[in-house]
Amino acid sequence: MTIRNNRLTADEYKEQFSDIRPPFETYDAALVEANRCLYCYDAPCTKSCPTGIDVPKFIKQITTENLRGSAYTILVSNIMGGGCAKVCPVEKLCEGACVYNLMEEEAIPIARLQRFATERAIQEQWPLFTRKPSTGKKVAVIGAGPSGLSCAHALSREGVDVTIYEKESKGGGLMTYGIAAYKVTPQFCQEEVDYITSIGGIEIVYNQELGKHISLDTLQKNYDAVYLAFGVGLARQLEIPGEQLHGVVDAISFIYDIRTKGYPAIPVGDQVAVIGMGMTAIDAATQAKRLGAKEVTLVYRRTQQEMSCTEAELNIAKLDGCKIVWLAAPKEIVGEDGKATQLVCNIVKLDVTGAMVATGEIITLAVDMVIKAAGQMPFEELVYSNQLDNNKGKVIIDGNSTTSIQGVFAGGDCVNGGKEVVDAVQAGKDSAKAILQYLF
Amino acid sequence: MADISANFLGIKSPNPFWLASAPPTDKQINVLRAFEAGWGGVVWKTLGSQVKNVSSRYSAVDYNGRRVMGFNNIELISDRPLDINLKEIKECVRLFPDRAMIVSLMADNDRNSWHELIKKVEDTGAHGLELNFGCPHGMTERGMGAAVGQDPDIARKVVEWVMEAATIPVITKLTPNVHSVVPTGRAAVEAGTHALSLINTIQSVTGVDLDTFVPNPNVGGKSTFGGYCGPAVKPIALKMLTTIGQDRVTSAVPVSGIGGIETWKDAVEFMLLGATTLQVCTAAMKYGFRIIEDMCDGLNNWMNEKGFQTIDEFIGRSLSTLTNWEELDMNFHIVAHINQDKCIHCGLCYIGCEDGSHQAINLSYGNPYNTYSIKEDECVGCNLCQLVCPVDNCITMTEQRKGDEYLNWKEFQRRGLPLNDH
């Protein structure tokens, strides 16, 4: 049992990480599905989209060959509508609400159609939005993730000059650094960021981290308002013995490395255990398998009812051959010569109230790698050091996206603790609205 | 097992389905394939004066991603030499003696031309003649086709010429490019035609290309009005068929129904409104001759289910149910009902009624699913909600009569009964 990289050939990597939901090949193929749409009134799909995309309208516009109009309909509600088409858990949002589900028929493939409508707009940089003349107002945004970009775009359209400070060397946030590569490629993320900034009036300054290279005080002095959209990022620790052993990594950095270093460079074990059952756990497990791990086991201390990933995601893991152990709470990671060799778990059961109860039984998995995906922690220290009112590190805002500091707004994962990309985009829109009210 | 054979003026065919006069019936190779597939008969593509066709010839109307809801053509009558056509007709009759062979004719507008043509065609052994008074494009510019069918006096004259020479049954095919098919139909019957067939195609422009700005079909940068057919024209054909079946003069002769027939169900509808045989073209051009299989099978199964032994038992059966508006019962009233267990909350009934009809549906907002219910007092029983509902039997119309007696509009007015107050 070893942890090693470079397990596959170049072609194998390409195949393993190719698009999991391929686009429609032709206009006619898209039309077949677009024409199935019933064009519901006050549509459940639209109501189930955090950004409220007018889904029936954009699908109708595909059928009338008004692709430009269709792309605008999507992007005016969700400027990251292209990326969301690839990463949204649509089975619990728009597609999950599609009325066809109530007829026991396949839902309209809204995400694929959305991708069809936006892909060319992004690739060919269609100028669908125009920016009003500069008002002279300046806003600083912390973080070039979905929330920051969405806020910046909305502000720029109204003539505000925006500077985004990004600690990484690329924009896109978790889209770029935290999502399985078979869902969205780094190249697409770059194109999407370029598309958003092509409106003008948005400057992204890379490799600039709040609290390290820049301070909130300075930003407050130099800008008319500040929007905090720095997300979450620290992996939650398991607080069990053996976490420091070689071979124990957290899912966030595992995925970050895949996204930044290239597939052959990423080492994986022969026998990998992934702890957790959220979207990130699935992304880590499936990618470990696709990188060449012989056996991958997802370990979760509750049941399928409580898991936070969607069933569609779980199915990806199952189809990739990942094993799943329910009701197993990690107790200890055992090692030899400083290297992880066993994951020991308590077998638990849930009582009537849903609380975990130990059964006294133990299960031991032979492992050489453990990937921890037990959730992400807010940047607590950063929040405290800037004297922002917070709830265990999550920035507290009022109904107007305003923090406890005047002129400082916040939204997205740093406020909600980590939700979907589409939620972050909406938070950016809401905040832009609040900032515009504050400025004018 | 029902008997689906047809006897039209003594012309027998194993089923009532004939291929209409058109490209599928313009030569031996097609017609033999059609007979092998099971078609009961053909109307051979129109023979007559010499023509030459252009390229392109057809165009279509698509709807919501489905191709060829409507179809049009600017093709003229047969452009093949007459003697080849005649030789091939003779051969087809010889090889398939049990199938109906009707030959469509459109001679130049003089008595001799018609007489000569009829003589030559009868020599082939064909069972009947169909007079093409309907072609709406090209031939009309030469005073033929629809130009004949649009003028009852000319039609009467031509039928008289034909009847002087014809010794086999004559069917006169009517053009729909008139406000009523009845005057020409009457003229033809009075002049002695043995039967009528309708409808021919409807003059049309199927669309304009938004890049070239030239309407379809494009012939080197120009277009011309074409004849419209296919599923889109069926309702118009059924209406015209009904007027023929209800007229005192024209109802005396059998009718061959034409216009958008694609399935056995379409065919039965034509038969219920008076057609004895059915002619099909567009559907065969779209799908090929194999569609005949389900047409025969479906008709047979439907007849068995309804207990009909022969097609004569139901031909024309629905004619008496189409009346003048003034004879409709004003006391008849229906009200929509939404089955909440079947409703999928698409809201199409609501927005249709709200924007397009009578504001008779309640909306109760929900997330993500709204609930819709009928305001029975406001519902006028128009059917719109039921028509747009994507779920079968989710919206039903239930009868809530306004009064027990039959009450038509004349009686309603005579009694001075109250009109709507809002």
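A residue counts as buried when 20 or more other C-beta atoms lie within 10 Å of its own, as exposed at 12 or fewer, and as partly exposed in between, with C-beta atoms placed from the backbone. By that rule, 50% of the 440 residues of chain A are buried.

## Model and confidence

This is a predicted model, in which local features need pLDDT of at least 70 and side-chain atom pairs count only at pLDDT 80 or more, while totals for chains, interfaces and linings use all residues. Residues are numbered from 1 along each chain as its sequence is written, and chains are lettered from A and ligands numbered from 1 in the order in which they are written.

The model scores ipTM 0.91 and pTM 0.93. Chain B averages a pLDDT of 96. In chain B, 100% of the residues score at least 70. The pLDDT is the predictor's confidence in each residue, from 0 to 100. Where it is low, the predicted coordinates should not be read in detail.

## Chain A overall

Chain A has 18 helices and 17 strands. These are DSSP runs, numbered from the N terminus: helices are H or I with at least four residues, strands are E with at least two.

The C-alpha atoms of chain A fill a box of roughly 65 × 55 × 50 Å along the principal axes. The radius of gyration, taken over C-alpha atoms, is set against a globule rule of 2.2 Å times the number of residues to the power 0.38. For 440 residues, a compact globule would come out near 22 Å; chain A has 22 Å, which agrees. Two residues are in contact if their C-beta atoms, placed from the backbone, lie within 7 Å. Of the chain A contacts with a separation of 6 or more, 72% come from residues 24 or more positions apart.

## An open sheet in chain A

In chain A, 5 strands form an open sheet in the order S6-S13-S7-S8-S9, with parallel pairing. Strand S6 (248–250) and strand S9 (323–325) of chain A stand at the edges. Each has a single partner strand, so one side of each is left without a neighbour in the sheet. The twist averages 25° from one strand to the next. Axes here are lines fitted to C-alpha atoms, for helices over the stretch in contact, and angles run from 0 to 180 degrees between N-to-C directions.

Two strands pair if DSSP finds at least two bridges between them. S6(A) and strand S13 (residues 369–372) of chain A run parallel, joined by 3 bridges. Val249(A) has Ile371(A) in S13(A) as its bridge partner.

## A covered helix in chain A

Helix H5 (residues 67–77) of chain A is mostly covered, with 8 of its 11 residues buried. The buried residues are Leu67(A), Ser70(A), Ala71(A), Tyr72(A), Thr73(A), Ile74(A), Leu75(A) and Ser77(A). Their cover includes helix H4 (55–63), helix H6 (81–87) and helix H8 (110–123) of chain A.

## A covered strand in chain B

Strand S4 (residues 41–48) of chain B has 8 of its 8 residues buried. It pairs with strand S3 (residues 17–19) of chain B in the parallel sense, over 2 bridges. There, Trp18(B) stands opposite Gly41(B).

S4(B) also runs parallel to strand S7 (residues 100–106) of chain B, with 6 bridges joining the two.

## Interface

In the contact between the chains, 15 residues of chain B meet 15 residues of chain A. The side of chain B that touches chain A has 9 nonpolar, 6 polar and no charged residues. Ala, Val, Leu, Ile, Met, Phe, Trp, Tyr, Cys and Pro count as nonpolar; Asp, Glu, Lys and Arg as charged; the others, Gly among them, as polar.

## Backbone details

Chain B has a cis peptide bond from Leu198(B) to Ile199(B), with omega near 10°. Ile199(B) sits in the loop between strand S10 (195–198) and strand S11 (202–204) of chain B. The bond from Asn367(B) to Pro368(B) is also cis, with omega near 0°. Pro368(B) is in the loop between strand S16 (361–364) and strand S17 (371–374) of chain B.

Asn207(A) has phi near 60°, a positive value in a residue other than glycine. Its loop runs between strand S3 (202–205) and helix H12 (216–222) of chain A. Asn207(A) is exposed, because 11 other C-beta atoms lie within 10 Å. Phe213(B) has a positive phi too, near 65°. Phe213(B) lies in the loop between S11 and strand S12 (226–229) of chain B. With 8 C-beta neighbours inside 10 Å, Phe213(B) is therefore exposed.
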